[in-house]
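Thank you all for making the time this morning.

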Amino acid sequence: MAESSSPLPPLCERISHKSYFLRAVDLTILGLLLSLLLYRILHVNQKDTVWIVAFLCETCFTFVWLLITNIKWSPADYKTYPERLDERVHELPPVDMFVTTADPVREPPLIVVNTVLSLLAVNYPANKLACYVSDDGCSPLTYFSLKEASKFAKIWVPFCKKYNVRVRAPFMYFRNSPEAAEGSEFSKDWEMTKREYEKLSQKVEDATGSSHWLDAEDDFEAFLNTKSNDHSTIVKVVWENKGGVGDEKEVPHVVYISREKRPNHFHHYKAGAMNFLVRVSGLMTNAPYMLNVDCDMYVNEADVVRQAMCIFLQKSMDSNHCAFVQYPQDFYDSNVGELTVLQLYLGRGIAGIQGPQYAGSGCFHTRRVMYGLSLDDLGDDGSLSSIATRKYLAEESLTREFGNSKEMVKSVVDALQRKPFPQKNLKDSLETAQEMGHCHYEYQTSWGKNIGWLYDSTTEDVNTSIGIHSRGWTSSYIFPDPPAFLGCMPQGGPEVMVQQRRWATGLLEILFNKQSPLIGMFCRKIRFRQSLAYLYVFSWGLRSIPELFYCLLPAYCLLHNSALFPKGVYLGIIITLVGIHCLYTLWEFMNLGFSIQSWYVTQSFGRIKTTCSWLFSVLDVILKLLGISKTVFIVTKKTMPETKSGSGSKKSQREVDCPNQDSGKFEFDGSLYFLPGTFIVLVNLAALAGCLVGLQGRGGGGSGLAEACGCILVVILFLPFLKGMFEKGKYGIPFSTLSKAAFLAALFVVLSVGN
Ligand SMILES: O=c1ccn([C@@H]2O[C@H](COP(=O)(O)OP(=O)(O)O[C@H]3O[C@H](CO)[C@@H](O)[C@H](O)[C@H]3O)[C@@H](O)[C@H]2O)c(=O)[nH]1
């Protein structure tokens, strides 16, 4: 469905994915949930605590389903036509590309280097691009690797462009053998480029763990005697594109930055790093668009920048300005399709309301929007309205908001007025850039409050995103096949538990801060349905409470001998509900090429992460609100991709690029994350065993087959824990966790039977 008013063929089209059938399924599930609630209300017995707890849990589930139905009601995304760009646009706009890294051990520099190389090689004029790498780890190894990578880039980028290589991250590209006759020009170039990449990898590997090169070169002086949390600002121009002739002009600028850190100064994690990136790039290149990727998210589709520009440029021609363009986050070597499915159904759903949320990576932002502009500040032609000009361009207020640097203020004025940025020597800005990385630069300015990436939450992405939508902006979503960016995702185990807890904590923090949709729903420029969509995401952590209760209720009822579910024909409500929900979610998975196994792993992991990881986010936020603790950002461990397994010929490019291995193998350690899951399994097993041997309390309500089936279902969902009880090593649940869970389960059994 094309929505462009332009007479020429559009650069992009909005595609609506509305389906009346799926709406009917969503409404049927909602109807069944409401009937269950009604049944509970009509059959409530005041003494029946179980009935009331079940009612409260089901009310939460119904509310969540209402939010999901709202999100999925009108899904939409964009199809772009990058091949029309050259004919329609005289000069492509510049783009500044940002990569963040924070820890050379958890984020190996070779991964960072591959991401950077993939960005440098995108299909876009090199003189319009600049790549800025922020290193919160202040690692000489990362800097060394970047320097080496920029040398290799002079071979890699021309090679990619000459042969129109699709995947422009060498570690992925060289997983396959060349499809050309031996001895051909391509084959020779391929061999040579691969050899050079192997040399680069070897140099980075040799440098890891040894620091002899640190003293050998003056260039590393700035890193001497530094700690990742205690050092001055470092800004280095790794490579400057000065045009000229030959292959060198094909490589965009590369700049390394590491902002000042001091032990007692809170640095706001990734959001702080992003804001420094915005400032330095503002001084050096001041591109109107900024791409942000995490250090492991390499470009998997060479046209990615051109695709995003199709949207921005078409929308500004149509006076329908867009704040950011988000690509989905896809993952290589991932074993669960959860995020892909979430992004396709929920992501596209939100995209059809006011626009997708900013997901932290794979996103193009407009610089002016990040400088705090509201949609109302623009006239139809995209220039600032006269009121906005007065509001924004007074030098005194700009200094207050953006910090005390004349050069920065000038670059902000240029960006707000969309003035072309004069080509200049990058090194001329080094001194000012250093100053702007100072710990106190942001003191009493608006950085992190309403300018740049917003602070107040460890999920700075969603926090920033709601800030932008609240100012009336829309955003756009592209869901290309092949995926535009690919990164790595921790597999089931402690690493993913930490990540999920951080996400849920950050999201819950936003629910209680000034960006909360609960406050802004009716008074800001955010659309009502968009607020509800945000509410769904922010309440992840809170959902852990009803889910935990609901995993324990069947066991309690079986042991206590009381009824959890309706009896007789009304039991049909529950059976139909579970049946339709299973078939619906299974269809969603299989429709995307995922297997039944992947669907099961996702359902199981869904329950595990909610009850074992999100549960702790509630505690984190309570402690933070009470001022007892601070939330922390533990960087997720990144791993290099595995060597390629065979790829089926009939698969879509998405399936080939992100093979799902369906292993579903779960890793454990002695952390508290695994206590709730082990406890849940033990309790449900004990209830089933108790029922078999006739150990039941005096509930009198009569538990039966339905409650026993409930216990079996919970055990099936927590199967990784059951298996973990019999495994050894990293796949086994440690004895300490088992014994604590067994003690709690015994207590639960005694209380349930004796009650
Ligand atoms: O103090 C910090 C901490 C992190 N990072 C970088 O932030 C990015 C995201 O961190 P990561 O540990 O990879 O988090 P993930 O959970 O994998 O990432 C998702 O979730 C984050 C919010 O929790 C978002 O910031 C990310 O963009 C999003 O991809 C990485 O490039 C890090 O190097 C910093 O630059 N400084």
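I will go through the ligand site, then some helices and single residues, and finally the backbone.

Before that, a word on how to read the values: this is a predicted model, in which local features need pLDDT of at least 70 and side-chain atom pairs count only at pLDDT 80 or more, whereas totals for chains, interfaces and linings use all residues. Residues are numbered from 1 along each chain as its sequence is written, and side-chain values use heavy atoms, with hydrogens and water left out.

Let me begin with the ligand. There are 26 residues around the ligand, and those that come nearest are Asp136, Asp294, Glu460, Arg502 and Thr636; a residue is counted as near when one of its heavy atoms lies within 4 Å. By type, this shell divides into eight nonpolar, 10 polar and eight charged residues, where Ala, Val, Leu, Ile, Met, Phe, Trp, Tyr, Cys and Pro count as nonpolar, Asp, Glu, Lys and Arg as charged, and the others, Gly among them, as polar.

Which atoms of Thr100, Asp294 and Trp503 lie by the ligand's oxygen atoms? For Thr100 it is a polar backbone atom, 2.7 Å from an oxygen atom of the ligand, while Asp294 has a polar side-chain atom 2.6 Å from a ligand oxygen, and Trp503 has a polar side-chain atom at 3.0 Å from a ligand oxygen. A polar contact here is a pair of N or O atoms within 3.5 Å. On its own the ligand has 670 Å² of accessible area, and the protein covers 96% of that, with areas computed by the Shrake-Rupley method and a 1.4 Å probe. The elements that give two or more residues to the shell are β3 (95-101), α9 (269-284), α17 (460-470) and α18 (494-511); helices (H or I, at least four residues) and strands (E, at least two) are DSSP runs, numbered from the N terminus.

One of those elements, helix α9, also holds Gly282, which is buried at a relative accessible area of 0%. Buried means under 20% relative accessible area, exposed over 50%, and partly exposed in between, with a 1.4 Å probe and protein chains only. Not counting residues up to four places away in sequence, Gly282 touches Arg367, Tyr371, Ser411 and Phe421, and contact means heavy atoms within 4.5 Å.

Val64 lies in helix α2 (residues 49-72) and is buried at 12% relative accessible area; leaving out residues up to four places away in sequence, Val64 touches Tyr536 and Arg543. Val64 is 39 residues from Asp103 in sequence, and their C-alpha atoms are 37 Å apart in space. Ser374, in the loop between α12 (367-370) and α13 (386-393), counts as buried at 11% relative accessibility, and, with residues up to four places away again set aside, Ser374 touches Tyr392, Arg471 and Trp473.

Now to helix α26, residues 705-717. Its 13 residues should span 18 Å at 1.5 Å a residue, and its end C-alpha atoms are 18 Å apart, which agrees; the expected span is 1.5 Å times one less than the number of residues. In α26, Glu707, Ala708, Gly710, Cys711, Val714, Val715 and Leu717 are buried, and the buried residues of this helix pack against α21 (544-560), α23 (596-625), α25 (674-692) and α27 (719-724). Helix α25 has 19 residues and reaches 27 Å from its first C-alpha to its last, close to the 27 Å expected, and just after α25, Gly694 takes a positive phi of about 80°.

That brings me to the backbone. Most residues other than glycine have a negative phi, and most peptide bonds are trans.

Is Asn164 buried or exposed? Asn164, in the loop between α5 (140-162) and α6 (170-173), has a positive phi of about 45° although it is not a glycine, and it is exposed, with a relative accessible area of 56%. Asn561, whose phi is near 65°, is found in the loop between α21 and α22 (571-591) and is buried at 18% relative accessible area.

Terms used. A polar contact is a pair of N or O atoms within 3.5 Å; within protein, one must be able to donate a hydrogen and the other to accept it, and residues adjacent in sequence count only if both atoms are side-chain atoms.
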